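Dear colleague,

Please find below the structure that I am handing over to you.

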Amino acid sequence: MNILLYNPDNEVTNNFMPHLWMFLLKSLTPPDHNVFLLDGNAQRMSERDLIEYIRRNRVGLVGIGAMTRMAAKAYRMADAVRAAGVPVVMGGPHVTEVPDEPLGRDGGPRHADAVALGEADQTWPRIVADAARGCLQEVYMPVDEAGKEVKPALEAYPQIRWDRMELDQFNLFGHLPTFARTALRSIGMKWESFHVIPIESGRGCPYGCEFCTVTGFFGDSIRFRTNESVVDELLLLKALEKKRGGKIAVFFVDDNFAINRKRTKSLLREIIARGAQIPWVAQISMNLLKDEELVSLIAESGGKWIFMGLESIDPGNLKSVGKGFNKPGEYAEVLDRLARHGLYAITSFIFGMDDDHVGVAERTLQEIRSWPPVLPVFGLLTPYPATPLYDRLAAAGRLTRAKHWLDFKPFVMAHTPNGLSPEQAQAEVRQAWTASYNSKANAAALAWLESRSFADRVMHLLARLAFRGIYFPQMRTREWLGVLFENRHSIFRLAAQAIRAKFGPPAEDIPGEPAQHSTAV
Ligand code: B12
Ligand code: SF4
């Protein structure tokens, strides 16, 4: 049977990396079936495009995975596939949280023939076998003989053959306009391709923050892959990088990569010992980064960026959402420690919490200005279904768009916050994005980095230009040209430094002009 695994786009931004679930399920599919992968973030598709693809490739089963914000698009695509006579199975966090919705058991229309609830590592081969025999069941769930949900152990993790996957659609360089690629080559980035590859080393998070779906979905018991299997995967990617003449970076998608510091250190030591360093990004909560030895191992093993859910600079807010283990008074110290080791942070903030008031953006920006340059991202508190936050707001009658995902609007609130109106919270988010990613802020970040390597400065600028697009749409060449024009001074300055390094006197690194150390935003 030919199977298509499809991930819809969110109709707003493009994701910078592929979704792991489809590669994992492909690796778990019995070998007598063919699996095609399509990610709407890499190739946008209309219903008609998708149906044509399915007919052309004689697809007999379509699997669709989606986060909540992509649910409406996922349902539309699923409806079209089913109308064309091909069965649809849906999986992932959203359908697990509201299983009646895709099955039409909540009074709405039906979108899926079957749903895979929870982690599908064990149920997927069964789903495929049932579909091949034409007897799909409605609900698949990993349960033991007593009917109790089981979480798969990750010790026997399958080998994901990235070298055999069709990765061209995820080449980030391929999405850049020709002039941008030429410009990057001229400053020494001679790679043929650039991929960010998702890898998981473990699952589960015990912290149970009120707004988060992870503890409910993956459970609070943490499961890890063996060090050997993770390092083998990194080595495979390193070999692939060499073979293709491209560049690969890894995103460890674990929710808290250092949740068990002892185990993380042992994994990082093994990466170093086996020479498996490849630039990587991971999510680690700030309380775990007070450990100097851990931070040093992160740097030595190829770590570059750490994603931290700081959420708020206000302890009251953090407490109200069950994230009191974040200590705003310690943010600067942790970020300084990272910067000392040549590591940088993507810091995520949420506005619209119950203790937020007008001016929260400016207060947060002021705090950020006192740190080494970070890539801040700002969102609104969003009640995802089946979270304690959703239930609390629903019980208090505060949900304004109870099924916000069926009418998805980016950066629009779905409930009434306490200390400001939804519109004010949205305006605060806008202000924070504007101030963080304008050309002045970008130039200030580069100025701070003058004493660092040229590669660091280029990486920062590219990341800043890309991150801006999370809030301000920059999907078209015209929008990109506008961004490049706005940042022309920073770009020319880096280009001048590159030229000087190539044709000027030998130097250990490419020096910048003396600049005052200022801050990012
Ligand atoms: C990596 C990641 C990202 C990446 C991008 C996604 C990517 N390319 O992988 C980045 C950092 C960009 C990101 C962004 C966001 N993310 Co995110 N992200 C994750 C994260 C940490 C890992 C995803 C992952 O690969 N997991 C490992 C795989 C193996 O698990 P899985 O995807 O659940 O798949 C398993 C099952 O669900 C099932 N399955 C999944 N799909 C399907 C499909 C079929 C057909 C079947 C049979 C089975 C199946 O099988 C798999 C194996 O068991 C998850 C949390 C988590 N631990 O999952 C959050 C998570 C998915 N993100 C979340 C959110 C909210 C966001 C943002 C909206 C945050 C924000 N405010 O901006 C954005 C939206 C991005 C967008 N595209 O619009 C939420 C989603 C909640 C929800 N109900 O939708 C999660 C669950 C985290 C949370 N805090 O609750 N994210
Ligand atoms: S620490 Fe992160 S992953 Fe864990 S529950 Fe809190 S927000 Fe979710």
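A residue is taken as near a molecule if its C-beta atom, placed from the backbone, lies within 6 Å of it. Please note that this is a predicted model.

On that basis, 36 residues surround ligand 1, and the closest are Gly63, Gly65, Thr68, Gly91 and Gly92. At least two residues of this shell come from each of the elements α1 (20-27), β3 (59-65), β4 (88-91), α4 (93-97) and α7 (214-218). Sorted by class, the shell around ligand 1 holds 19 nonpolar, 11 polar and 6 charged residues.

I turn next to a sheet. Six strands form an open sheet with parallel pairing, in the order β7-β10-β11-β12-β13-β14. Its edges are β7 (194-199) and β14 (375-380); each has a single partner strand, so one side of each is left without a neighbour in the sheet. On average, neighbouring strands of this sheet are turned by 20 degrees against each other, direction ignored. The parallel strands β13 (residues 344-351) and β14 are joined by 6 bridges; in one of the pairs, Ser348 has Val377 in β14 as its bridge partner.

Finally, there is a pair of helices. Helix α17 (residues 454-471) and helix α19 (residues 488-503) have axes that come within 11 Å and cross at roughly 155 degrees. Angles over 145 degrees count as roughly antiparallel, and α17 and α19 are therefore roughly antiparallel to each other. Their crossing is left-handed. In the contact, Phe454, Arg457, Val458 and Leu461 of α17 meet Ser490, Leu494, Gln497 and Ala501 of α19. By class, this contact of α17 with α19 has 5 nonpolar, 2 polar and 1 charged residues.

With kind regards

Technical notes
Residues numbered from 1 in each chain as written. Chains lettered and ligands numbered in written order. Predicted model: local features only at pLDDT ≥ 70, side-chain atom pairs only at ≥ 80, totals over all residues. Helix = DSSP H or I, 4+ residues; strand = E, 2+ residues; numbered from the N terminus. Nonpolar A, V, L, I, M, F, W, Y, C, P; charged D, E, K, R; others polar. Pairing = 2+ DSSP bridges. Axes fitted to C-alpha atoms, helices over the stretch in contact; angles between N-to-C directions. Parallel < 35°, antiparallel > 145°, perpendicular 65-115°, else oblique. Left-handed = near helix turned anticlockwise from the far one by under 90°. Contact = placed C-beta atoms within 7 Å.
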